[in-house]
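This report describes the structure shown below. It begins with a pocket and then turns to the chain fold and the pairing of the copies.

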Protein chains: 2
Amino acid sequence: MIKVGIVAYGITPFTRDDQKIESVLLKSTKNLFEKNSEINRNDIDAVLVSTNNNSKYLAPILSEMAGIQPKITHSIESLCNSGTNSIVSAYSYIVSRLADMVLISGAERYDSPGEILEWDKSRGEFMHPIFWASIFTKSYKRKFSISDEQLALVSVKNHKQAKENPNALSHKTFTIHDVMNSKKLTDDLRLLDCSRPCTGSASILLASEQMAKKITDVPIWITGIGQKTTSAGFTKNTSFSSMESTKLAGQTALRMADHDIKDIDVAEVHDAFSVCEPMALESLGFSKSGTGTSMIKELYETNNFKINPRGGLIGSGHPLGATGIAQTIEITQQLQSNANNRQVENAKIGLIHNMSAAATSSTVLVLEK
Amino acid sequence: MIKVGIVAYGITPFTRDDQKIESVLLKSTKNLFEKNSEINRNDIDAVLVSTNNNSKYLAPILSEMAGIQPKITHSIESLCNSGTNSIVSAYSYIVSRLADMVLISGAERYDSPGEILEWDKSRGEFMHPIFWASIFTKSYKRKFSISDEQLALVSVKNHKQAKENPNALSHKTFTIHDVMNSKKLTDDLRLLDCSRPCTGSASILLASEQMAKKITDVPIWITGIGQKTTSAGFTKNTSFSSMESTKLAGQTALRMADHDIKDIDVAEVHDAFSVCEPMALESLGFSKSGTGTSMIKELYETNNFKINPRGGLIGSGHPLGATGIAQTIEITQQLQSNANNRQVENAKIGLIHNMSAAATSSTVLVLEK
């Protein structure tokens with residue numbers, strides 16, 4: 001079977017800027033080409049755009065702006081995990097030999113329509129993601145006797161790590177006291193427990209093994225892929241204190257990569273809200289049920305950046321369609337020993353967890369040197 | 001390499017009804033399952049939704065409504081050729097072994113946001129597709145000395161053929177005189193020269209060879225795929241009287257299928273406007289430059305349904321995201337000798353041509369028994 005590698009990437013700072021989506025998209029693509037002048041645009045067979053933006057035909061528009069005339073062009077939307085859905089689609093184009101090299105560009109504006117979940121009437125009038133996050137938080141705290149302070153540490157840790165990420169939305173650090181005293185948004189969630197929508201873009205170039213070798217000496221291989229959709233409405237979840245789709249996607253990805261979760265040196269997990277990080281760690285198997293916050297505490301106290309080195313969604317900001325791609329870029333940089341102050345020592349195998357809408361769907365990727 | 005077959009399909013009548021997109025989507029999926037009760041929903045690994053609708057997360061929503069818990073779910077948008085983009089993506093998931101069986105559902109409402117081309121400032125204030133179609137028509141007529149009446153015959157032929165398609169938007173027949181006297185919309189185009197936006201849905205199930213044999217005795221194989229994007233704005237086209245992206249996509253698809261255009265027994269081509277049919281026939285190689293209308297005249301006079309048997313976009317209506325899938329269903333029915341009064345005798349090899357925005361991008365598929 002054809003091996004698929006990440007051969008180049010580009011990214012923009014995540015901001016609250018009011019820019020046209022086409023301009024946001026182009027910026028990370030330009031950044032990618034500027035850093036990799038050896039890439040021949042004629043070798044790019046497909047351009048996939050990952051976004052929740054309502055503008056149409058963005059993949060041909062980006063292609064035209066970037067001077068590419070690919071075979072395949074379209075936009076992909078699956079809310080917050082549009083980015084990894086696009087990466088998996090690109091992977092399949094290459095393995096099936098319809099493409100040798102695929103550009104994936106994800107972008108979002110701070111006012112993305114993907115932030116309102118209009119279809120899920122089981123929420124009643126509560127159509128923002130914070131309402132499922134509140135129920136998750138209440139359920140998780142009750143089931144495992146976890147305190148607000150223990151969850152606040154997720155935000156403290158991830159903001160600390162984001163300070164070392166030049167593209168992160170936030171560069172401030174906070175104490176547990178700061179998080180606890182930030183604006184209370186629901187019974188269980190404060191402002192600093194939440195990732196913030198923002199404007200940003202991230203682009204990545206995938207290539208077949210043969211093509212990859214022409215472009216870089218250090219391709220990062222996609223060795224594991226797992227995806228699962230359990231439902232669309234969060235009340236269909238079998239549990240509010242674990243993530244079933246994440247568990248299944250993680251198992252599939254690790255099986256494909258022929259690895260155990262213990263082999264993973266560094267991971268990006270989808271901390272849309274503070275409670276999501278321990279829940280994801282437990283569902284992926286990094287820690288046992290109810291013990292995710294203990295793992296987070298230990299990592300924080302030992303200054304270990306293993307989980308969410310770029311600062312997670314809470315520290316980096318969450319431009320929906322770009323998030324999964326930005327997560328993948330971070331793991332790529334880690335495996336290339338190119339993550340500066342965020343570098344996890346001797347990172348050889350990495351994992352990405354990207355999910356949508358109360359973990360009703362998840363993608364897990366395993367990357368290796 | 002794994003062979004990929006079409007093993008089931010479902011479709012709704014195309015109408016001007018005001019229905020929620022989720023309901024429209026579900027209808028053709030239900031129709032597919034009703035006609036194929038042997039399908040086990042647990043065998044469906046991916047659900048791809050093809051649409052220009054602005055609603056988010058439609059693939060998980062459709063999955064939940066249809067009782068499917070797939071691995072892969074997302075929406076795909078590329079304006080009018082979203083449908084065939086989705087089919088090609090599904091094909092690649094199967095060949096790459098990430099999926100064994102993929103459901104593709106396309107749907108649109110009559111008021112689709114894909115009908116306004118907001119990004120193409122080279123049109124000035126003219127943001128509807130009819131303006132590129134007018135320029136194509138003027139250019140084609142001038143270059144090849146073609147009359148309005150010759151182009152009107154496309155509409156006459158396709159309306160005649162649509163009368164035999166129970167799902168078509170129009171069941172009326174028209175004379176050349178009727179077309180010429182229908183409401184004049186621009187200098188060169190009348191109402192009956194145009195396909196009409198509508199509400200409709202079409203679903204198709206693709207499977208690997210091994211899985212296909214469990215479901216049907218007559219799978220239709222996808223043997224050729226070609227796609228090309230030349231630009232996003234129509235003024236970048238190298239010609240207004242031929243379709244460069246169609247020509248390149250057609251050549252690629254025929255090469256992959258190891259066939260010549262002469263081998264094609266039946267074809268669906270993207271007649272968004274009357275001039276598009278002869279232009280597509282010429283760009284695909286069915287007829288020489290400037291002679292497409294002669295071929296159309298001959299087919300009409302001999303009552304030969306070879307081109308656009310279901311009535312094309314002009315006769316059937318054009319629910320953007322569903323169109324490419326409906327075209328593919330028609331060719332599937334033709335090759336299965338299951339097209340009733342529309343049947344082209346002894347059809348063994350078929351072709352689908354689906355394009356977007358003034359042929360700035362095209363997909364061509366070859367199907368075989």
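## Lining of the largest pocket

In this predicted model, the residues that line the largest pocket divide into nine charged, nine polar and seven nonpolar. The lining is made up of 25 residues. Those nearest the pocket centre are Glu118(A), Trp119(A), Glu22(B), Ser55(B) and Ile61(B).

The volume of the largest pocket is about 560 Å³. Two helices of chain B, H1 (21-35) and H2 (58-66), each contribute at least two residues to its lining.

## Fold of chain A

Chain A contains 12 helices and nine strands. Its C-alpha atoms occupy a box of roughly 55 × 40 × 35 Å along the principal axes. A compact globule of 369 residues would have a radius of gyration near 21 Å, and the 19 Å of chain A agrees with this.

Of the 369 residues in chain A, 67% count as buried. Among contacts in chain A with a separation of 6 or more, 77% are between residues 24 or more positions apart.

## Relation of the two copies

Through which surface do the copies meet? Of the interface residues of chain B, 100% are also interface residues in chain A, so the copies meet through the same surface.

Terms used
Residues are numbered from 1 along each chain as its sequence is written. Chains are lettered from A and ligands numbered from 1 in the order in which they are written. This is a predicted model: local features need pLDDT of at least 70, side-chain atom pairs count only at pLDDT 80 or more; totals for chains, interfaces and linings use all residues. Side-chain values use heavy atoms; hydrogens and water are left out. Contact means heavy atoms within 4.5 Å. On a 1 Å grid over the protein atoms alone, a cavity is a set of points where a 1.4 Å probe fits but cannot get out, and a pocket is an open set with protein on both sides within 12 Å along at least five of seven lines; lining residues have an atom within 4 Å of a point. Grid points are joined across faces, edges and corners, and a volume is the space filled by probe spheres set on the points. Helices (H or I, at least four residues) and strands (E, at least two) are DSSP runs, numbered from the N terminus. Ala, Val, Leu, Ile, Met, Phe, Trp, Tyr, Cys and Pro count as nonpolar, Asp, Glu, Lys and Arg as charged, and the others, Gly among them, as polar. The radius of gyration is taken over C-alpha atoms; the globule rule is 2.2 Å times the number of residues to the power 0.38. Buried means under 20% relative accessible area, exposed over 50%, partly exposed in between (1.4 Å probe, protein chains only).
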